Structure formats: structure tokens, C-alpha cells
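Dear colleague,

I am handing over the structure below, and would be glad if you could read these notes beside it.

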Amino acid sequence: MDCFRNLSQYLRGMLIVISIMAVFYSAGLSLIGVKGAAALGVFTALMIVMPYIGITLGLTLATLSALLQFGPGTEIIGALILFGIGQFLEGFFLTPRLVGERIGLHPVAVLFALLLFGKLFGFFGVLLALPISAVSPVLVKYCWSIYTQSTWYQK
């Protein structure tokens, strides 16, 4: 039951991060003057669930949109800065605080889990790092309680 609670907290935290980033990207792209800023901002925010693909796809679409609307100019630099700031906020503040704290992990543990799982398992490791980290403490507590009740521990 605790596994389901932790996973639901993970999903709630991710929905909050997605909502904040959708508003951030949509407002930023609107300030730059990109047409379709709301749709592009929401799409990019939804895609941040896939760590590297989401931001790359959103940045590419925003840069192409700015290039086609305004030509080579300051709007493209504005889009690059916007996505750089957005990636920094999401990766270092929002996800560790809103997702990590909801599932009982310290923000540093969230970053460590993402780095470790990414190094060991690549892209899929990054996708699964936080859900696995959310379930792992529950499984460890369960296994520990079984062990402490066993005859091996009682001897």
C-alpha cells in the first residue's frame, strides 16, 4: 500500500512540475512573440517527462518557430535563454523539491538517483530513477520487517 502512495505522490509532483513549466514556457514564448506559444509551451512541459528528448524537442520547435517568424535575430537567442533557464529551474529546483520531497527523498538524493540510474541504465534508467527510488524504501522496510521476525534474527 505504501508503494502505491509513493507512486501517486510521484505522479502528483510530476503534474505540478509540468503545470509550472507549461506556464513558464508559454509565458516566456509569448513575451518573445512566438505564435502558438501556449501550445508549444504545454507540449514542451508535457515532454519533460522524457528527460533529454522533451527539452531537445521543445527547444528545436521553439527555435524553428522563432526563425521562421522573425528570421535570424534576437528572438532565437531569447528562446535559447528561455529554455536554458527553464531547464535549470526544472532540473535543479522544481523536480528535486516538488517530486523528491513528496516521495520522501532529499533533493540531493534525487539528483544522485538520476545520475546513478542514468549512468547504469542509460535513457531508460533516467526515466525510471524516481519511481524506483520511491518504491525502494518501502521494499527495504518490508524485507527488514520480515527478516527481524525470522528465526535467523531471533537466534
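What follows concerns a surface patch and the packing of the helices around it.

This is a predicted model, in which local features need pLDDT of at least 70 and side-chain atom pairs count only at pLDDT 80 or more, while totals for chains, interfaces and linings use all residues. Residues are numbered from 1 along each chain as its sequence is written, and side-chain values use heavy atoms, with hydrogens and water left out.

Phe-43, Ile-53, Leu-57 and Leu-61 make a nonpolar surface patch of about 290 Å² (patch residues have over 30% relative accessible area and no salt bridge, and nonpolar side chains are joined within 5 Å; areas are Shrake-Rupley values with a 1.4 Å probe; a salt bridge is a side-chain nitrogen of Lys or Arg within 4 Å of a carboxyl oxygen of Asp or Glu). Helix 3 (residues 51–70) gives the largest share of this patch, three residues, helices being DSSP runs of H or I with at least four residues, numbered from the N terminus. Leu-61, which lies in helix 3, has a relative accessible area of 34% and is therefore partly exposed, that is, between buried (under 20%) and exposed (over 50%).

Helix 2 (residues 37–47) packs against helix 3 at an angle of about 160 degrees, with the axes 7 Å apart, where axes are lines fitted to C-alpha atoms over the stretch in contact and angles run from 0 to 180 degrees between N-to-C directions. These two helices are therefore roughly antiparallel (over 145 degrees). Helix 3 and helix 4 (residues 74–100) also cross at roughly 160 degrees, their axes coming within 9 Å, and are therefore roughly antiparallel to each other.

With kind regards

How values were computed: Patch = residues over 30% accessible without salt bridge, like charges linked within 9 Å, V, L, I, M, F, W, Y side chains within 5 Å. Buried < 20%, exposed > 50% of the residue type's maximum accessible area, 1.4 Å probe, protein only. Parallel < 35°, antiparallel > 145°, perpendicular 65-115°, else oblique.
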